[in-house]
Amino acid sequence: MSATSQVEVNRGGRAQRTSLIYVEDVHKYYDLGETKVHALRGISVEMQRGEFVAIMGASGSGKSTFMNLLGCLDKPSSGRYLLDGTDITRFNKRELAAIRNRKLGFVFQGFNLLSRTTALENVELPTLYARMPREERTLRARQALQMVGLGDRVDHFPSQLSGGQQQRVAIARALVNQPSILLADEPTGNLDSRTSVEIMEIFQKLNDEGLTILLVTHEHDIAQFAKRTIVFRDGRIRRDELVTNRPRAAEVLQAMPTLED
Ligand SMILES: Nc1ncnc2c1ncn2[C@@H]1O[C@H](COP(=O)(O)OP(=O)(O)O)[C@@H](O)[C@H]1O
Ligand SMILES: [Mg+2]
């Protein structure tokens with residue numbers, strides 16, 4: 001059964017309450033004074049726990065706008081969005097920030113690390129909002145860095161790390177508060193092809209362990225590492241399919257030439 005028909009079947013009251021993500025007829029307008037951009041034009045989609053979804057589509061098709069809504073960084077102009085059963089469309093800024101911090105982890109194309117701060121301190125940052133003893137913060141940050149294979153780089157500054165390593169620090173930072181969903185917008189956009197597959201290896205491992213992942217990418221090869229692909233065009237969903245014969249990033253890496261770190 002295709003993902004699309006599954007969504008059709010699931011569109012009932014019970015599914016709304018059990019879906020991790022339930023989006024119904026969402027529109028997004030950006031108001032630029034004179035003009036209005038209609039960035040999302042009636043999006044309806046559901047995602048369950050444990051999914052690994054790649055959002056694809058040309059530049060300007062609405063991928064980032066959609067991710068920002070799912071990530072509670074912004075709100076839809078109309079329509080409904082239930083995150084883990086909670087309708088967030090009526091939340092104010094403070095409530096949105098709270099739900100982000102509790103449930104969501106973000107990774108961006110540009111890493112966004114603090115340059116004068118070590119890998120460990122970068123990863124510790126999001127824990128500052130949680131009430132937690134200092135030793136517990138450090139322990140969690142170390143564990144998150146170990147999960148992304150950087151247990152031996154905790155005291156390095158971003159400038160002392162490769163692009164791929166910096167992105168792994170950013171992934172560790174996104175994981176440190178143990179989110180339910182990892183949202184990654186073009187996380188491999190600044191990385192070479194081998195390093196990109198290394199990032200996908202980490203994502204597949206995290207997803208195997210139960211983490212729900214939403215990945216925006218315009219690279220078809222990268223999207224194939226996900227379990228499901230959703231293609232946007234002009235603010236609408238054009239395709240929604242399960243990936244067949246999904247490659248394992250760890251195996252793909254073995255067939256790729258290695259680069260010196
Ligand atoms: N903050 C914004 N203000 C006004 N228009 C925006 C803003 N963000 C995105 N847009 C417009 O919305 C549309 C979708 O953009 P975006 O979601 O960034 O697409 P993608 O990530 O697929 O490249 C584009 O036409 C873009 O110009
Ligand atoms: Mg974008």
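This report describes strands, a helix, a ligand shell and several loop residues of a predicted model.

## Basis of the model

Residues are numbered from 1 along each chain as its sequence is written, and chains are lettered from A and ligands numbered from 1 in the order in which they are written. Because the model is predicted, local features need pLDDT of at least 70 and side-chain atom pairs count only at pLDDT 80 or more, while totals for chains, interfaces and linings use all residues.

Helices (H or I, at least four residues) and strands (E, at least two) are DSSP runs, numbered from the N terminus. A residue is termed buried if 20 or more other C-beta atoms lie within 10 Å of its own, exposed if 12 or fewer, and partly exposed in between, with C-beta atoms placed from the backbone.

## The four-stranded sheet

One open sheet has four strands in the order E2-E1-E4-E5, with antiparallel pairing. E2 and E5 form the edges; each has a single partner strand, so one side of each is left without a neighbour in the sheet. Two strands pair if DSSP finds at least two bridges between them. Five bridges link E1 to strand E4 (residues 78-83) in the antiparallel sense, and here Glu 24 is opposite Arg 80 in E4.

E4 is also joined by two bridges to strand E5 (residues 86-87), again antiparallel. Leu 82 lies opposite Asp 87 in E5. The hairpin of E4 and E5 has two residues between the strands, and Asp 84 in the turn shows a positive phi of about 55°. Asp 87 counts as exposed, because it has 12 C-beta neighbours inside 10 Å. Leaving aside residues up to four places away in sequence, Asp 87 touches Arg 80 and Leu 82; contact requires C-beta atoms, placed from the backbone, to lie within 7 Å. Asp 87 and Met 132, 45 residues apart in sequence, are separated by 28 Å in space, C-alpha to C-alpha.

Strand E3 (residues 52-57) is mostly covered, with six of its six residues buried. Phe 52, Ala 54 and Met 56 point one way from the strand, whereas Val 53, Ile 55 and Gly 57 point the other way. E3 runs parallel to E8, to which four bridges join it; in this pair Ile 55 is opposite Val 216. E3 also pairs with E9 in the parallel sense, over five bridges, and Val 53 stands opposite Arg 228 of E9.

The largest nonpolar core contains 63 residues, and Ile 55, Ala 172 and Leu 215 have the most contacts inside it. Such a core is a set of buried Ala, Val, Leu, Ile, Met, Phe, Trp, Tyr and Cys residues joined through C-beta atoms within 7 Å. Not counting residues up to four places away in sequence, Leu 215 touches Val 53, Ala 54, Ile 55, Ala 184, Pro 187, Phe 203 and Ala 226.

## Helix H8

Helix H8 (residues 193-208) has 16 residues, which at 1.5 Å a residue should span 22 Å; its end C-alpha atoms are 22 Å apart, in agreement. The expected span is 1.5 Å times one less than the number of residues. Among the buried residues of H8 are Val 197, Ile 199, Phe 203 and Leu 206, and Glu 198 is also one of them. Their cover includes H7, E7, strand E8 (212-216), helix H9 (220-223) and helix H10 (249-254). After H8 comes Gly 210, whose phi is positive, near 110°.

## The shell around ligand 1

The residues around ligand 1 include Tyr 30, Val 37, Gly 57, Lys 63 and Thr 65; a residue belongs here if its C-beta atom, placed from the backbone, lies within 6 Å of the molecule. Strand E1 (21-32), strand E2 (35-47) and helix H3 (63-70) each supply at least two residues of the shell. H3 gives the most, with three residues.

The shell divides into four nonpolar, seven polar and one charged residue. In this division Ala, Val, Leu, Ile, Met, Phe, Trp, Tyr, Cys and Pro count as nonpolar, Asp, Glu, Lys and Arg as charged, and the others, Gly among them, as polar.

## Loop residues with positive phi

Gln 178 is not a glycine, yet its phi is positive, about 50°. Gln 178 is in the loop between helix H7 (163-175) and strand E7 (181-185), and it is exposed, with 12 other C-beta atoms within 10 Å.

Asp 234 likewise has a positive phi, near 50°. Asp 234 lies in the loop between strand E9 (228-233) and strand E10 (236-242). Asp 234 is partly exposed, because 14 other C-beta atoms lie within 10 Å.

Note on methods: Two residues are in contact if their C-beta atoms, placed from the backbone, lie within 7 Å.
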